[in-house]
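Please look over the sequence and the model below. A guided walk through the fold comes after them.

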Amino acid sequence: MHSLLVILPPGTETSAEARSSPSPVPLLSACGYVVETAATAEEAAPLTGDADAFILELPVTEISAWRELLVQHKIAPVLWWCTPHTATLSVSACGDDIMVDGILSPAMQPPEIHWMLHFSARQCFERRQWLKEREQLLSRIEERKWIDMAKGILSKAKNISESEAYDLLRKQAMNERKRMVDVATSIVKVYQLLQDQT
(Lines give C-alpha, C1' and ligand atoms only; values in the text may rest on other atoms or scores of the structure.)
Protein backbone atom coordinates (compact mmCIF):
# COMPACT_ATOMS: atom_id res chain seq x y z
CA MET A 1 0.00 0.00 0.00
CA HIS A 2 1.53 3.26 -1.12
CA SER A 3 -1.02 5.87 -2.18
CA LEU A 4 -3.91 7.15 -0.04
CA LEU A 5 -6.85 9.39 -0.87
CA VAL A 6 -8.08 11.44 2.09
CA ILE A 7 -11.61 12.79 1.89
CA LEU A 8 -11.74 16.06 3.81
CA PRO A 9 -14.88 17.84 4.95
CA PRO A 10 -15.83 20.73 2.62
CA GLY A 11 -14.29 24.05 3.67
CA THR A 12 -11.58 22.46 5.84
CA GLU A 13 -9.08 25.20 5.06
CA THR A 14 -11.37 28.00 6.26
CA SER A 15 -13.25 26.35 9.13
CA ALA A 16 -11.82 27.21 12.56
CA GLU A 17 -13.39 24.07 14.01
CA ALA A 18 -11.79 21.85 11.36
CA ARG A 19 -8.38 23.52 11.80
CA SER A 20 -8.42 22.65 15.51
CA SER A 21 -8.87 18.99 14.58
CA PRO A 22 -5.65 17.16 13.63
CA SER A 23 -5.51 16.39 9.91
CA PRO A 24 -4.44 12.93 8.74
CA VAL A 25 -2.44 14.34 5.83
CA PRO A 26 0.80 15.32 7.66
CA LEU A 27 0.82 12.13 9.74
CA LEU A 28 0.24 9.83 6.77
CA SER A 29 2.80 11.70 4.66
CA ALA A 30 5.34 11.36 7.48
CA CYS A 31 4.69 7.60 7.45
CA GLY A 32 5.85 7.49 3.82
CA TYR A 33 2.52 7.40 2.00
CA VAL A 34 1.66 9.49 -1.03
CA VAL A 35 -1.43 11.39 0.07
CA GLU A 36 -3.97 13.08 -2.17
CA THR A 37 -6.96 15.00 -0.81
CA ALA A 38 -10.46 15.79 -2.04
CA ALA A 39 -13.49 17.48 -0.50
CA THR A 40 -16.07 16.84 -3.22
CA ALA A 41 -17.10 13.92 -5.41
CA GLU A 42 -15.84 15.81 -8.47
CA GLU A 43 -12.39 16.24 -6.91
CA ALA A 44 -12.26 12.62 -5.70
CA ALA A 45 -13.31 10.85 -8.92
CA PRO A 46 -10.08 11.35 -10.92
CA LEU A 47 -7.93 10.47 -7.87
CA THR A 48 -9.54 7.13 -7.01
CA GLY A 49 -7.68 5.14 -9.67
CA ASP A 50 -4.28 5.60 -8.03
CA ALA A 51 -5.45 5.22 -4.44
CA ASP A 52 -4.67 2.04 -2.52
CA ALA A 53 -7.03 3.08 0.30
CA PHE A 54 -9.53 5.78 1.13
CA ILE A 55 -9.38 7.68 4.43
CA LEU A 56 -12.57 9.51 5.41
CA GLU A 57 -12.05 12.51 7.69
CA LEU A 58 -15.80 12.92 8.00
CA PRO A 59 -18.60 12.55 10.54
CA VAL A 60 -19.99 9.03 10.90
CA THR A 61 -23.24 10.04 9.19
CA GLU A 62 -21.40 10.77 5.93
CA ILE A 63 -19.38 7.53 5.75
CA SER A 64 -21.94 5.34 3.94
CA ALA A 65 -22.63 7.82 1.13
CA TRP A 66 -18.93 8.46 0.52
CA ARG A 67 -18.03 4.78 0.71
CA GLU A 68 -20.66 3.92 -1.90
CA LEU A 69 -19.41 6.70 -4.15
CA LEU A 70 -15.74 5.72 -3.87
CA VAL A 71 -16.13 1.97 -4.38
CA GLN A 72 -18.05 2.63 -7.60
CA HIS A 73 -14.73 3.84 -8.99
CA LYS A 74 -12.40 1.34 -7.32
CA ILE A 75 -12.55 -1.46 -4.77
CA ALA A 76 -10.15 -0.42 -2.01
CA PRO A 77 -10.19 -0.34 1.80
CA VAL A 78 -12.17 2.49 3.39
CA LEU A 79 -10.93 3.72 6.76
CA TRP A 80 -12.39 6.30 9.10
CA TRP A 81 -10.21 9.07 10.59
CA CYS A 82 -11.60 9.19 14.13
CA THR A 83 -11.10 12.45 16.03
CA PRO A 84 -13.22 14.43 18.50
CA HIS A 85 -14.39 16.46 15.48
CA THR A 86 -15.51 13.44 13.38
CA ALA A 87 -16.85 11.42 16.34
CA THR A 88 -19.27 13.97 17.76
CA LEU A 89 -22.31 11.69 17.50
CA SER A 90 -23.28 8.99 19.98
CA VAL A 91 -22.83 5.31 19.15
CA SER A 92 -26.61 5.02 18.72
CA ALA A 93 -26.35 7.43 15.75
CA CYS A 94 -24.34 4.81 13.86
CA GLY A 95 -26.58 2.74 11.66
CA ASP A 96 -25.95 -0.91 10.87
CA ASP A 97 -25.21 0.06 7.27
CA ILE A 98 -22.02 1.95 8.18
CA MET A 99 -19.16 -0.17 6.97
CA VAL A 100 -15.46 0.63 7.25
CA ASP A 101 -12.44 -1.63 6.96
CA GLY A 102 -10.53 0.10 9.74
CA ILE A 103 -10.19 3.13 11.95
CA LEU A 104 -7.22 5.50 12.20
CA SER A 105 -6.65 8.21 14.79
CA PRO A 106 -4.10 11.00 15.37
CA ALA A 107 -2.81 9.15 18.46
CA MET A 108 -1.48 6.25 16.36
CA GLN A 109 2.22 5.72 15.78
CA PRO A 110 3.55 4.94 12.26
CA PRO A 111 3.82 1.15 12.86
CA GLU A 112 0.21 1.09 14.09
CA ILE A 113 -0.92 2.98 10.98
CA HIS A 114 0.98 0.58 8.69
CA TRP A 115 -0.57 -2.46 10.38
CA MET A 116 -4.07 -0.97 10.37
CA LEU A 117 -3.78 -0.24 6.64
CA HIS A 118 -2.45 -3.76 6.04
CA PHE A 119 -5.27 -5.45 7.95
CA SER A 120 -7.90 -3.16 6.44
CA ALA A 121 -6.77 -4.23 2.95
CA ARG A 122 -7.19 -7.88 3.93
CA GLN A 123 -10.60 -7.13 5.45
CA CYS A 124 -11.72 -5.32 2.30
CA PHE A 125 -10.72 -8.09 -0.10
CA GLU A 126 -12.02 -10.88 2.15
CA ARG A 127 -15.39 -9.12 2.30
CA ARG A 128 -15.33 -8.71 -1.49
CA GLN A 129 -14.68 -12.45 -1.87
CA TRP A 130 -17.46 -13.24 0.60
CA LEU A 131 -19.90 -11.03 -1.35
CA LYS A 132 -18.99 -12.79 -4.61
CA GLU A 133 -19.57 -16.18 -3.01
CA ARG A 134 -22.88 -14.95 -1.60
CA GLU A 135 -23.99 -13.74 -5.05
CA GLN A 136 -23.06 -17.11 -6.54
CA LEU A 137 -25.03 -18.98 -3.86
CA LEU A 138 -28.08 -16.76 -4.35
CA SER A 139 -27.81 -17.33 -8.10
CA ARG A 140 -27.68 -21.11 -7.57
CA ILE A 141 -30.72 -20.96 -5.29
CA GLU A 142 -32.61 -19.00 -7.96
CA GLU A 143 -31.57 -21.54 -10.62
CA ARG A 144 -32.67 -24.38 -8.36
CA LYS A 145 -36.14 -22.77 -8.05
CA TRP A 146 -36.58 -22.69 -11.84
CA ILE A 147 -35.39 -26.30 -12.18
CA ASP A 148 -37.74 -27.48 -9.39
CA MET A 149 -40.70 -25.67 -10.98
CA ALA A 150 -39.90 -27.21 -14.38
CA LYS A 151 -39.58 -30.67 -12.80
CA GLY A 152 -43.00 -30.27 -11.23
CA ILE A 153 -44.55 -29.16 -14.54
CA LEU A 154 -42.96 -32.03 -16.50
CA SER A 155 -43.82 -34.55 -13.82
CA LYS A 156 -47.49 -33.52 -13.89
CA ALA A 157 -47.73 -33.10 -17.68
CA LYS A 158 -46.02 -36.39 -18.56
CA ASN A 159 -47.18 -38.33 -15.50
CA ILE A 160 -43.61 -39.23 -14.51
CA SER A 161 -41.63 -39.03 -11.28
CA GLU A 162 -39.61 -35.91 -10.43
CA SER A 163 -36.35 -37.82 -10.86
CA GLU A 164 -37.45 -38.83 -14.37
CA ALA A 165 -38.44 -35.22 -15.04
CA TYR A 166 -34.97 -34.14 -13.88
CA ASP A 167 -33.33 -36.64 -16.28
CA LEU A 168 -35.54 -35.36 -19.08
CA LEU A 169 -34.52 -31.78 -18.34
CA ARG A 170 -30.84 -32.75 -18.29
CA LYS A 171 -31.08 -34.62 -21.61
CA GLN A 172 -32.94 -31.71 -23.22
CA ALA A 173 -30.26 -29.27 -22.03
CA MET A 174 -27.53 -31.49 -23.46
CA ASN A 175 -29.37 -31.85 -26.78
CA GLU A 176 -29.87 -28.09 -27.07
CA ARG A 177 -26.39 -27.33 -25.70
CA LYS A 178 -27.89 -25.03 -23.12
CA ARG A 179 -27.67 -24.76 -19.38
CA MET A 180 -30.27 -26.76 -17.55
CA VAL A 181 -31.64 -23.65 -15.86
CA ASP A 182 -32.23 -22.02 -19.27
CA VAL A 183 -34.27 -25.00 -20.47
CA ALA A 184 -36.15 -25.05 -17.16
CA THR A 185 -36.90 -21.32 -17.37
CA SER A 186 -38.26 -21.74 -20.91
CA ILE A 187 -40.55 -24.58 -19.81
CA VAL A 188 -41.89 -22.62 -16.83
CA LYS A 189 -42.48 -19.46 -18.88
CA VAL A 190 -44.31 -21.34 -21.65
CA TYR A 191 -46.40 -23.15 -19.04
CA GLN A 192 -47.27 -19.85 -17.32
CA LEU A 193 -48.17 -18.30 -20.67
CA LEU A 194 -50.49 -21.22 -21.49
CA GLN A 195 -52.08 -20.99 -18.04
CA ASP A 196 -52.75 -17.26 -18.49
CA GLN A 197 -54.53 -17.91 -21.79
CA THR A 198 -56.91 -20.52 -20.38
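The paragraphs below go from the overall layout to the sheet, the helices and one histidine.

This is a predicted model, where local features need pLDDT of at least 70, side-chain atom pairs count only at pLDDT 80 or more, and totals for chains, interfaces and linings use all residues. Residues are numbered from 1 along each chain as its sequence is written, and side-chain values use heavy atoms, with hydrogens and water left out.

Start with the inventory. The chain holds 7 helices and 5 strands. Helices (H or I, at least four residues) and strands (E, at least two) are DSSP runs, numbered from the N terminus. Read from that end, the elements follow the order β-α-α-β-α-β-α-β-β-α-α-α. Of the 198 residues in the chain, 33% are buried. Buried means under 20% relative accessible area, exposed over 50%, and partly exposed in between (1.4 Å probe, protein chains only). Among contacts between residues at least 6 apart in sequence, 65% join residues at least 24 apart. Contact here means heavy atoms within 4.5 Å.

Now the sheet. Its 5 strands are ordered β2-β1-β3-β4-β5, with parallel pairing, and the sheet is open. Two strands pair if DSSP finds at least two bridges between them. β2 (34-38) and β5 (102-104) are at the edges with a single partner strand each, so one side of each has no neighbour in the sheet. From one strand to the next, the twist averages 30 degrees.

Which helices lie across the strands? Helix α4 (residues 63-73) lies across β1 (3-7), β3 (53-56) and β4, at about 160 degrees to β3. Helix α5 (residues 110-158) lies across β1, β3, β4 and β5, and runs at about 160 degrees to β5. Axes are lines fitted to C-alpha atoms, for helices over the stretch in contact, and angles run from 0 to 180 degrees between N-to-C directions.

Helix α5 also packs on other helices. Take α7 (residues 180-197): the axes of α5 and α7 are 8 Å apart, at an angle of about 55 degrees. That makes α5 oblique to α7. Angles under 35 degrees count as roughly parallel, over 145 as roughly antiparallel, 65 to 115 as roughly perpendicular and the rest as oblique. The contact includes W146, I147 and I153 of α5 and V181, V188 and Y191 of α7. Its residues divide into 12 nonpolar, 1 polar and 3 charged. Ala, Val, Leu, Ile, Met, Phe, Trp, Tyr, Cys and Pro count as nonpolar, Asp, Glu, Lys and Arg as charged, and the others, Gly among them, as polar.

Next comes α6 (residues 162-176). The axes of α5 and α6 come within 8 Å and cross at roughly 110 degrees. α5 is therefore roughly perpendicular to α6. Among the residues in this contact are R144, K151 and L154 of α5 and E162, Y166 and L169 of α6. They divide into 7 nonpolar, 2 polar and 4 charged.

Last, a single residue in α5. H114 is found in this helix. Is H114 buried, exposed or partly exposed? H114 counts as partly exposed because its relative accessibility is 34%. Leaving aside neighbours within four places in sequence, H114 is in contact with C31 and Y33. The C-alpha atoms of H114 and C31 are separated by 8.0 Å, although the two are 83 residues apart along the chain.
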